Amino acid sequence: MTTARDRALAAALADARDRPDDEERCAELDRIATRADAADDPRTALSARFALVEAYLHRGERWRTVEPVRRLRATLARHPGLLDAHPDELVRLRRHQRQAVEAALGTPRVGLDQIRSLTDALADELGPDAPPVAELRCRLADHLGDEPAARRAYQRWTAGDAADPVGGCPGCAPARRAELLTGWGEPEAALAALGRHGQHGRRHGERDAADGTPDCTDQPERSLTAGLLPWLRTGAVERAARAHVHAYRRHRRERAAFPLLATHLRFCALGGYPHRGLELLTEQLPRLDRPADDLSAMEFAAAGALLCGLATEAGLGGRRIHRPGHGSRPAAEVDVATLGAQLQALATALAGSFDARNGTGHQSGRIASWLAERPLAGPVSLAAESEFDEEPEADPAEPGPPGPEEPAPLDAALLTAALAARREAVTVEPDGTLVGRWGEATIQFRVLGEVLHARVVAARTLPADRRAEAYAFCNAWNHDRLLPAAYVHEPGDGTLVLAAGVTTDLSCGVAPTQLAVLVAAAVRTGTAYADAVAALG
């Protein structure tokens, strides 16, 4: 029986979901989850923590997902059958569990015991040789410097199904594998792992259905970046340069691409492009003060220190770079040699923090090896570097997708890409409708000409004799909330279906980032609506 307290928690959760995506919203979701635990309301506790995890992911604070994911697991341990009727939510939890382990590897603020506990729990459910488990164990072993264990796990990972719904984007799996192989000193194997993107003769940016990446919004740039150092080390300098140009045009502004910038800087340092590298470092230096995580900050700082060191050896040590102020550090014009020393100190300190957590010296040794590298290609003059300003060859018969901020006409491909980027289970119906299940809500996305329509159907139905109550609920919802527009549907089988809709006119076009926001808003408000329906007495 639904109590007044249950209804109050559901209403509070719906209100929290409608708040701006800021720290106060995260704190309120955490409070609601704690209250639900105390009230022995596991469904609301699960919904609140799912929303909290997704808020942290959206805010770029991935390491903070570890604790709510751990509590989600604890709730399921207390109520083992809670998700038996919701297999999609169980997959969602396991996906978040994998993301939490990946995030924990990126910061020394999470203990190894927590990382291993989450990984072992996933292994208990999926099996010790399941590809998502094998990948996590491979990456953990590599992070700790246990290369033999990492290689054994790598074999299990690559022998499995890359399309496992828990295992992350299958289109990016080749790039993730190539990055490991590059770190192990196997450039040829790394290029082989990249498949067609790793072939020297393949034109930069070219896509092929055989790559398995058309639905991945990070491709081909993620794979091109993974190939930069292997191409340099196998003598394909021109190929590497063209890949760098193509990929950096996208990565220079994408917040999520910060972890890839270290590779671009190392390419410039080791490829003999010090001027180009210093331009990139100047442009990207402000992002170091707001990094994706500690690991990416460490690698960016180490790559920047390497670049500055090699530029100083080339006679550029007196060049001055503006470093913005941050916290107690004032803004200053810093010469290249001094900046290199500052970045080296930061990278070394972060590596020491990881090693203190890990009980090894591997990260400090890895950063030291980066700093000791020397150019793999002969230096080029500044005039020769003007080739970077040229537009890459384009195939007019195969125009590329719009940039993330570039408006384009709404079509099914653009909507499919926006939903694919969320990496959640979505099916395509014969008429092209995209359907997904989020908690208590089934949401259907349709492209109707130049209009995006999202229809929400709550899992909870009401008997026909509660028609007046259903209309009163929808009227109250529409009075108090902007989205979605609620209504009652009578299928004629003695039940009432409570549905809602969101319609957006995009006749002026829509940028992929804008479409992602619209999809996220439809999912967030739609799940809040379905949860409120579920909480009806």
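1. The largest cavity of this predicted model is lined by Arg-17, Arg-43, Ser-47, Phe-50, Glu-89, Arg-92, Trp-438, Gly-439, Glu-440, Thr-527 and Asp-531. When these lining residues are sorted by class, six are charged, three are polar and two are nonpolar.

2. Which helices supply at least two residues each to that lining? They are helix H3 (42–58), helix H5 (87–105) and helix H21 (512–534), and it is H3 that provides the largest share, with three residues.

3. As to volume, the largest cavity holds about 80 Å³ of space, and the search of the whole structure that found it returned two cavities of 30 Å³ or more.

4. Helix H2, which runs over residues 23–38 and has 16 residues, reaches 23 Å from its first C-alpha to its last, a span close to the 22 Å expected at 1.5 Å a residue.

5. The buried residues of H2 are Arg-25, Cys-26, Glu-28, Leu-29, Ile-32, Ala-33 and Ala-36. Viewed down the axis of H2, these buried residues fall within an arc of 165°, and they therefore line one face of the helix.

6. One backbone detail beyond H2 may be worth a look in the model: the helix is followed by Asp-40, for which phi is positive, near 55°.

Methods:
Residues are numbered from 1 along each chain as its sequence is written. This is a predicted model: local features need pLDDT of at least 70, side-chain atom pairs count only at pLDDT 80 or more; totals for chains, interfaces and linings use all residues. Side-chain values use heavy atoms; hydrogens and water are left out. Helices (H or I, at least four residues) and strands (E, at least two) are DSSP runs, numbered from the N terminus. The expected span of a helix is 1.5 Å times one less than its number of residues. Buried means under 20% relative accessible area, exposed over 50%, partly exposed in between (1.4 Å probe, protein chains only). The arc is that of the directions from the helix axis to the C-beta atoms. On a 1 Å grid over the protein atoms alone, a cavity is a set of points where a 1.4 Å probe fits but cannot get out, and a pocket is an open set with protein on both sides within 12 Å along at least five of seven lines; lining residues have an atom within 4 Å of a point. Grid points are joined across faces, edges and corners, and a volume is the space filled by probe spheres set on the points. Ala, Val, Leu, Ile, Met, Phe, Trp, Tyr, Cys and Pro count as nonpolar, Asp, Glu, Lys and Arg as charged, and the others, Gly among them, as polar.
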